[in-house]
Amino acid sequence: MRVVSENKCFGGVQGVYTHASDATGCDMTFGLFLPAEAESAPVPVLWYLSGLTCTHENAMTKAGAQRWAAEHGIALVFPDTSPRGADVADDPAYDLGQGAGFYVNATETPWAPHYRMWDYVAEELPRVVTAAFAVDEERQAITGHSMGGHGALSMAMRLPGRFRSVSAFAPIAQPSQSDWGRKQLTAYLGTDEAAWLAHDSAHLMHDLGFEGEVLVDQGGADQFLDLLRPEALAHAMAARRQPGSFRVQAGYDHSYFFVQSFIPEHIAFHAEALWR
């Protein structure tokens, strides 16, 4: 692993690191915030999955999360959203290819050799982080924004026992029925729509749910509501009687100003579960 940068931040350290990934077959970069408590003992960790077009850097610099993570003594991991490099398949569109991995293991050409973001985020990167840093592998939580909210919810429901809590900001809630999903799932996973359902949060909520509490915030003035399909997830949560909250925040859009506004509540929500 190579240290790209390390900066003092709210009494802790905000680092950026690069490593060779077996899962994606290329170098991957991630951000990691460690609070001051990590100097003396392993600390709980909150994974933050970012959205379309993002790198590890977007949430790390725009979400304002470090202040609140430091207050609660928890680490933050900011993975990248896709593999990258000159030999990694890409597409001219912003919503496919590099920057748009959708947190799946691709099976189709030309994506399959590198686009294994599920394995990277769910398996490989946790091993890398817990081996090298003072992070407690038993106390984990996960959150994300937009495409990252889709990834966070699907991982939390499909990996029972891994995460103590899950939250999402404006998640792509029903990708199997949305243009933010059907295009990408067809490209990465093929035309068998049954295979897509393992990555559809509304479907997973209906069939599996989550063993802990769920917190979802959706901006009421989000410019992408028709693509996100939040009503499908809200209905599934209600039908399952899923513990947690689905909140529509009036006037907020899809931007990081929305995320900044509610990240303190999300981190407090996760800290309560992580320190319980």
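This is a predicted model: local features need pLDDT of at least 70, side-chain atom pairs count only at pLDDT 80 or more; totals for chains, interfaces and linings use all residues.

Colleague: Okay. Is the peptide bond from Thr109 to Pro110 cis or trans?

Modeller: Cis. Omega is near 0° there. For background, most peptide bonds are trans.

Colleague: What else lies in that loop?

Modeller: Pro113 lies in the loop between strand E5 (75-78) and helix H3 (117-132). Asp87 is in the loop between E5 and H3 as well.

Colleague: Is Pro113 buried or exposed?

Modeller: Exposed, because its relative accessibility is 54% and the cut-off is over 50%. Asp87 is exposed too, at 59% relative accessible area.

Colleague: Switching to strands. Where does Arg139 sit?

Modeller: In strand E6, residues 135-144. Asp136 is in strand E6 too.

Colleague: Is Arg139 buried or exposed?

Modeller: Buried: the relative accessibility of Arg139 is 15%, and buried means under 20%. Asp136 comes out as buried as well, at 17%.

Colleague: How long is the polar contact between the side chains of Arg139 and Asp136?

Modeller: 2.6 Å. The Arg139 side chain also has a polar atom 3.4 Å from the backbone oxygen of Pro42. As for Asp136, a polar atom of its side chain lies 2.9 Å from the backbone nitrogen of Glu138.

Colleague: Which residues does Asp136 contact, leaving aside neighbours within four places in sequence?

Modeller: Pro42, Val43, Pro44 and Val45. Arg139 touches Pro42, Val43, Pro44 and Val45 too, plus Arg164, Leu274 and Trp275, again not counting residues up to four places away.

Colleague: Helix H5 next. Which of its residues are buried?

Modeller: H5 spans residues 182-189, and its buried residues are Gln184, Leu185, Ala187, Tyr188 and Leu189. They sit on the same side of H5, because they cover an arc of only 165° around the axis.

Colleague: What covers them?

Modeller: Helix H6 (193-196) is included in the cover over the buried residues of H5.

Colleague: And which residue follows H5?

Modeller: Gly190, with a positive phi near 95°.

Colleague: Which residues other than glycine have a positive phi?

Modeller: Arg229 is one of them, with phi near 55°. Arg241 is another, at about 60°. As a rule, most residues other than glycine have a negative phi.

Colleague: Where are those two?

Modeller: Arg229 is in the loop between helix H8 (225-228) and helix H9 (230-240). Arg241 is in the loop between H9 and strand E9 (244-249).

Colleague: And their exposure?

Modeller: Arg229 counts as partly exposed, at 26% relative accessibility. Arg241 counts as exposed, at 72%.

Colleague: What does Tyr252 touch, leaving aside neighbours within four places in sequence?

Modeller: On one stretch, Gly219, Gly220, Ala221 and Asp222. Then Phe258, Ser261 and Phe262. The C-alpha atoms of Tyr252 and Asp222 are 6.3 Å apart, although the two are separated by 30 residues along the chain.

Colleague: Last topic, pockets. How much space lies in the largest pocket?

Modeller: About 170 Å³.

Colleague: Which residues line it?

Modeller: The lining of the largest pocket is Gly51, Leu52, Thr53, Cys54, Tyr94, His145, Ser146, Trp180, Phe224, His254, Ser255 and Tyr256.

Colleague: How many of the lining residues are nonpolar, polar or charged?

Modeller: Six are nonpolar and six are polar.

How values were computed:
Residues are numbered from 1 along each chain as its sequence is written. Side-chain values use heavy atoms; hydrogens and water are left out. Buried means under 20% relative accessible area, exposed over 50%, partly exposed in between (1.4 Å probe, protein chains only). Helices (H or I, at least four residues) and strands (E, at least two) are DSSP runs, numbered from the N terminus. The arc is that of the directions from the helix axis to the C-beta atoms. Contact means heavy atoms within 4.5 Å. A polar contact is a pair of N or O atoms within 3.5 Å; within protein, one must be able to donate a hydrogen and the other to accept it, and residues adjacent in sequence count only if both atoms are side-chain atoms. On a 1 Å grid over the protein atoms alone, a cavity is a set of points where a 1.4 Å probe fits but cannot get out, and a pocket is an open set with protein on both sides within 12 Å along at least five of seven lines; lining residues have an atom within 4 Å of a point. Grid points are joined across faces, edges and corners, and a volume is the space filled by probe spheres set on the points. Ala, Val, Leu, Ile, Met, Phe, Trp, Tyr, Cys and Pro count as nonpolar, Asp, Glu, Lys and Arg as charged, and the others, Gly among them, as polar.
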